[in-house]
Amino acid sequence: MAFALDEQQQMIAETAAAFFAENAEGERTRAAMANGIDRDLWRAYCRELGFGGLMVPEDLGGPGLGHVELAVVTEQAGRTLAAIPLLGHVMATAALLASDDRAAIEAHLPAMMAGDRIVAAGERGGEGTFVPHAAQCDLLLLLGEGGADLIEAGAATVEPMKSLDETRPLARVHASAGDPLPGGTVPCEAARAAGVLCLAAEALGGAQEALDRTIAFAREREQFGRPVGSFQAYKHRLADRAVEIEQARSAVWWAACALDEGHETRALALHAAKSFCADTYLRIAGDMIQLHGGIGFTWEHDAHLFFKRARAIANMLGDGPHHRERVARIMLDEAA
């Protein structure tokens, strides 16, 4: 595994960073919260950048890139809290490709890649399934123990919910079995792996942006005639968080590389990345509120949006204890 971006991957990261910085600024994200999604931003992401089919093979109309490229793009989306249905799209694309169901791929993938067909994905639950962007989607991907189903949104009962993270609103979904994807649990595993990597990378980007904004504030805000960032306690906390972000970045790249190479450590890497990145984001987003002082507690400041996104990520596709338990089991099995 090569834990460094090559020239093409670096160019993709810079392109995505410039796109989101220009088009997903704070006011636009707040405006999108009313509907839960910025459809124009999503179409531009899919069409102008061509990232709607990032991992789709060339013979199906995509560039045929891998999880590393997905991670670097998702990291940049996370930096700006972009209100786009990236998680469901990534999971559904992975499930379709893993199923190798040509009929389903031809029926759904072209419109998904163009940003015309929005997909939401979630795990089936006993009393309904909590699915991000379910109230805004055209197609649902529901994962179960036996396999994955594709369900037209109109065929399911969807109850929009008041969500903590309004940039990615949840809805409760009740649906019977839809069109099953072939391959048994294989599409489910591919969807979960892509989703966990997506959330970990998004958390990394959000943590980096929260820290960068806090550092910028620390350089400008003065108390007792000097920048608050010059105080030792302030500097030490920011330095500790900077180290944690580098560890989180290593975890994301490890997981992405392991997936692309089919490495035996891919499950361990994914659980570690989700747990560590989500915890890091939540800690730094909390620090962002505290270290901005009184302004950080106001609704108008974006610190609240970062904290709510971090809290939501921490509980999606398995919380911290779930992923740490899986890491422990893998390590104990290897030691036995």
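What follows starts with the chain as a whole, then turns to the core and to some loops.

Modeller: This is a predicted model, in which local features need pLDDT of at least 70, side-chain atom pairs count only at pLDDT 80 or more, and totals for chains, interfaces and linings use all residues. Residues are numbered from 1 along each chain as its sequence is written, and side-chain values use heavy atoms, with hydrogens and water left out.

The protein chain holds 11 helices and 9 strands. Both are DSSP runs numbered from the N terminus: helices are H or I with at least four residues, strands are E with at least two. The radius of gyration is 20 Å, close to the 20 Å from the globule rule for 336 residues, so the chain is as compact as a globular protein of that length. That radius is taken over C-alpha atoms, and the rule is 2.2 Å times the number of residues to the power 0.38. Along the principal axes, the C-alpha trace spans about 70 × 50 × 40 Å.

Burial is next. Of the 336 residues, 53% are buried. Buried means under 20% relative accessible area, exposed over 50%, and partly exposed in between, with a 1.4 Å probe and protein chains only. Contact means heavy atoms within 4.5 Å. Take the contacts between residues at least 6 apart in sequence: 69% of them join residues at least 24 apart.

Now the core itself. A nonpolar core is a set of buried Ala, Val, Leu, Ile, Met, Phe, Trp, Tyr and Cys residues joined through side-chain atoms within 4.5 Å. The largest one has 108 residues. Those with the most contacts inside it are F20, Y45, L140, L141, V252 and Y281. Helix α7 (residues 186–220) gives the largest share of this core, 17 residues.

Start with F20. Beyond four places in sequence, F20 contacts E25, Y45, V73, Q76, A77, T80, A82 and I84. Y45 leads on to helix α3 (residues 39–47), where L41, W42, A44, Y45 and C46 are buried. The cover over these buried residues includes α1 (7–23), α2 (26–32), α4 (67–79), α5 (86–99) and α6 (102–113).

L140 comes next. L140 sits in strand β3 (residues 139–143). L140 is buried, at 0% relative accessibility. Leaving out neighbours within four places, the contacts of L140 are A120, V131, A134, D149, L150, I151, A153, A156 and V173. G88 is 52 residues away from L140 along the chain, yet their C-alpha atoms are separated by 8.5 Å.

Back to helix α7, which holds A210. A210 is buried, also at 0% relative accessibility. Beyond four places in sequence, A210 contacts I284, M288 and F306. A210 and A303 are 93 residues apart in sequence, with 7.5 Å between their C-alpha atoms.

The loops complete the tour. D302 lies between α9 (266–291) and α10 (303–315). D302 is buried, with a relative accessible area of 15%. Setting aside residues up to four places away, D302 touches G26, R30 and R213.

Other loop residues are exposed. D100 lies between α5 and α6, and is exposed at 51% relative accessibility. F224 lies between β8 (222–223) and β9 (226–227), and is exposed at 76%. D100 has a positive phi of about 55° although it is not a glycine. F224, not a glycine either, has a positive phi of about 55°. G154 is in the loop between β4 (148–152) and β5 (157–160). G154 is exposed, with a relative accessible area of 81%. From G154 to T280 is 126 residues in sequence and 38 Å in space, C-alpha to C-alpha.
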